[in-house]
Amino acid sequence: MATIVHVRLFAILKERAGCDSLEIELGESATVADALERLSERKPLADLFARMPMRLAVNREYADPETPLRAEDELALVPPISGGAGPHVRVTEEPISSAALAAAVADPGAGAIVTFQGVTREVERLDYEAYREMAEERIAAILAECAERHGLLGAAAEHRVGPVALGEPAVIVAVAAAHREEAFAGAREAIDRIKAEAPIWKREVDGDGSARWVEGQAPALGGERSASGDAG
């Protein structure tokens, strides 16, 4: 027996879809995840789903992807309250600050903010090179997926390019969540995936000027985890 669910859209989601509500037909024992999969068949929405954290609500109560749906339920897709700008991401030659990123993800509902810094170690400096446009898009998508998977209230990441001296941070990730478990898990997944998926390379430079590119692996496809725990 088919399950008809009413879907409400707001802000940028409404604009891209060209309507503020629609109905979708799902099978029996459907969940919110099934509804999102069906909605992803609409390309304007699929593009946003890939890069923007959202909250989900069923009958005006926040829900997760495993929440079951019944006939005539109302499913609301709630973009970031700030208007849908998505996670803060920057790849830059400038110094980066964990305090600034922590402030960027601050939320009144957050009970935990976790930051991670990957710093240069053992060599005089690291020289970073990036396919900047693709790296920023990939990191934004990673943060959006982490936010959805772990229920994060905010996520941000910045990565240096160019020379980074010994002891300076080369990458910083900050996340906010209602509880510490979600915050730690979200931050760990984010940094692991940034290392595995973002097109960024590093060259070690010693005090005598000798240099060598750090060996790596082929970039992971979305969702594949890095086997390395070293974030520097």
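Close-up 1. A residue is called exposed when its relative accessible area is over 50% and buried when it is under 20%, with partly exposed in between. The structure shown here is a predicted model, and by that definition Glu 122 is exposed, because its relative accessible area is 71%. Glu 122 is found in the loop that runs between strand E7 (112–119) and strand E8 (125–130), and although it is not a glycine, it has a positive phi of about 70°. Most residues other than glycine have a negative phi. Ser 29, which is not a glycine either, has a positive phi of about 60°, and its place is the loop between strand E2 (21–26) and helix H2 (32–39). With a relative accessible area of 70%, Ser 29 is exposed.

**Close-up 2. A salt bridge between Glu 74 and Arg 8.** A search of the whole structure finds 18 salt bridges, and in the one shown in this view the closest N and O atoms of Glu 74 and Arg 8 are 3.6 Å apart. Because Glu 74 lies in strand E5 (residues 74–78) and Arg 8 in strand E1 (residues 3–9), the pair ties together parts that are 66 residues apart in sequence. Arg 8 counts as partly exposed, with a relative accessibility of 32%.

**Close-up 3. A salt bridge between Arg 90 and Glu 158.** The side chains of Arg 90 and Glu 158 meet at 3.1 Å, taken from N to O. Arg 90 belongs to strand E6 (residues 88–92) and Glu 158 to strand E9 (residues 154–160), so this pair ties together parts that are 68 residues apart in sequence. Arg 90 counts as partly exposed at 25% relative accessibility, whereas Glu 158, at 7%, counts as buried.

**Close-up 4. A salt bridge between Glu 197 and Arg 138, and the network around it.** The side chains of Glu 197 and Arg 138 meet in a salt bridge with an N to O distance of 3.0 Å. Since Glu 197 lies in helix H6 (residues 180–197) and Arg 138 in helix H5, the pair ties together parts that are 59 residues apart in sequence. Glu 197 is buried, its relative accessible area being 4%. Through salt bridges that share partners, Arg 138, Glu 145, Arg 149, Glu 189, Arg 193 and Glu 197 are joined into one network.

**Close-up 5. A nonpolar patch on the surface, and a charge over the ring of Trp 213.** Tyr 131, Met 134, Trp 201 and Trp 213 form this patch, and together they have about 470 Å² of accessible area. Of these residues, Met 134 lies in helix H5 (residues 132–150) and counts as partly exposed, with a relative accessibility of 42%. Trp 213 also has the charged end of Arg 203 sitting over its ring, at 5.6 Å from the ring centre. A search of the whole structure finds zero aromatic pairs.

**Close-up 6. Two cysteines in a structure with zero disulfides.** Cys 19 is partly exposed, with a relative accessible area of 24%, whereas Cys 146 counts as buried at 1% relative accessibility. The structure as a whole holds zero disulfides.

Terms used. Residues are numbered from 1 along each chain as its sequence is written. This is a predicted model: local features need pLDDT of at least 70, side-chain atom pairs count only at pLDDT 80 or more; totals for chains, interfaces and linings use all residues. Side-chain values use heavy atoms; hydrogens and water are left out. Rings of Phe, Tyr and Trp (its six-membered ring) pair if their centres lie within 6.5 Å; planes under 30 degrees apart count as stacked, over 60 as edge-to-face and the rest as tilted. A charge sits over a ring if NZ of Lys or CZ of Arg is within 6 Å of the ring centre and within 35 degrees of the ring normal. A disulfide is a pair of cysteine sulfur atoms within 2.5 Å. Buried means under 20% relative accessible area, exposed over 50%, partly exposed in between (1.4 Å probe, protein chains only). Patches are made of residues with over 30% relative accessible area and no salt bridge: like charges are joined within 9 Å, nonpolar side chains (Val, Leu, Ile, Met, Phe, Trp, Tyr) within 5 Å. Accessible areas come from the Shrake-Rupley method with a 1.4 Å probe; for residues, only the protein chains shown count as cover. A salt bridge is a side-chain nitrogen of Lys or Arg within 4 Å of a carboxyl oxygen of Asp or Glu. Helices (H or I, at least four residues) and strands (E, at least two) are DSSP runs, numbered from the N terminus.
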